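Welcome! Take a moment to turn the model around on your screen, and then we will walk through it together.

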Amino acid sequence: MRILFLGDIVGKAGRLAVKQFLPKLREDLRLDAVFANAENIAGGIGITGETLDELFASGVDFATSGNHVWRHKEICSRLEKDRRILRPANYPEGAPGRGHTVFTLKDGRRIAVLNILGNTYMEPLPCPFRTALAWAELPELDEVPVRIVDFHAEATSEKKTLGWALDGKASAVLGTHTHVQTADAQILPHGTAYLTDLGMCGVELSSLGMDFDIVLERFLTKIPAAFKPAKGDISLNGAYLDINEATGRAREIRIIREHCPAWKMEKDAGPRDDED
Ligand code: FE2
């Protein structure tokens, strides 16, 4: 099974990157499914129903999220009723929506997906390791060999260790949240594809998708100021996976990087407005 998983899509620039690059990638890579971390699709932080609809209309089949998922309250009801989007699994009991599911493709093939949040340098939620290991043992997954994990976490040590812990129990463990693609795509000894961070979709010449000037001012003065999504050339980052559907073991993991200069984007799609 051929899967593309896109890293954090940041604001309108990120949504444009998906529209710009995904149709050709889908064709060239003969993709069966496209996943994306969507926690920052609306204005660079959070998710709205409208931006999520736009993402699905652009060809993304399934979305994961992270710590910013709660920013726009309207998403809570969507998390409850739309099985194509997850919030991290290790939020306390009673949180809206679900942290894992089995996603069914149009042709009936199934993919188990887990979205989980790290603890190190992040909010101290229930243990991601225990949550992920318990998920891997769920009886409902017995007949679902293809299993993908989005580990939304800050620390590389935590991400790498969860990859190791799930080796042979998941088809892929992919990191998100730090927005910088890492160069460690590999298949672990028991067949799990691993990458510490998928990178981001949006304006890469920025501070994680946000305008440099505001972020620099915050570092210099320590005075809070609202972030603003950056403008400029647009990139798409993610990973391509080929998974043996019978065993769930990964055959291949490869990083994907696409880039389009802003002038070309405007020539093709018209000038970008300020709305995000
Ligand atoms: Fe995040």
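Let's begin at the metal: the site of the iron ion is irregular, with angles of 85 to 156 degrees among its 4 donor atoms. This is a predicted model, and in it the iron ion is held by Glu-39 through OE, Asn-67 through OD1, His-152 through NE2 and His-177 through ND1, at 2.0 to 2.4 Å. Along the sequence, these donor residues follow the spacing E-x27-N-x84-H-x24-H. Look at where two of them sit: Glu-39 is in the loop between β3 (33-37) and α2 (49-57), while His-152 belongs to strand β7 (residues 147-152), so this pair ties together parts that are 113 residues apart in sequence. Both Glu-39 and His-152 are buried.

Now move to helix α1, which runs over residues 11-28. Its 18 residues reach 26 Å from the first C-alpha to the last, close to the 26 Å expected at 1.5 Å a residue. Follow α1 along and you will find a bend of about 40 degrees at Phe-21, with the proline Pro-23 following within four residues. Phe-21 is also one of the buried residues of α1, which include Leu-16, Val-18, Leu-22 and Leu-25. Just after the helix, Arg-30 takes a positive phi of about 45 degrees.

Of the 276 residues, 55% count as buried.

Key: Residues are numbered from 1 along each chain as its sequence is written. This is a predicted model: local features need pLDDT of at least 70, side-chain atom pairs count only at pLDDT 80 or more; totals for chains, interfaces and linings use all residues. Side-chain values use heavy atoms; hydrogens and water are left out. Donors are N, O and S atoms within 2.8 Å of the metal (3.2 Å for Na, K and Ca); water is not among the atoms, so sites may look incomplete. Four donors count as tetrahedral if all angles lie between 85 and 135 degrees; four count as square planar and six as octahedral if opposite donors are over 155 degrees apart and all others between 65 and 115; anything else is irregular. Helices (H or I, at least four residues) and strands (E, at least two) are DSSP runs, numbered from the N terminus. Buried means under 20% relative accessible area, exposed over 50%, partly exposed in between (1.4 Å probe, protein chains only). The expected span of a helix is 1.5 Å times one less than its number of residues. The bend at a residue is the angle between axes fitted to the seven residues ending there and the seven starting there.
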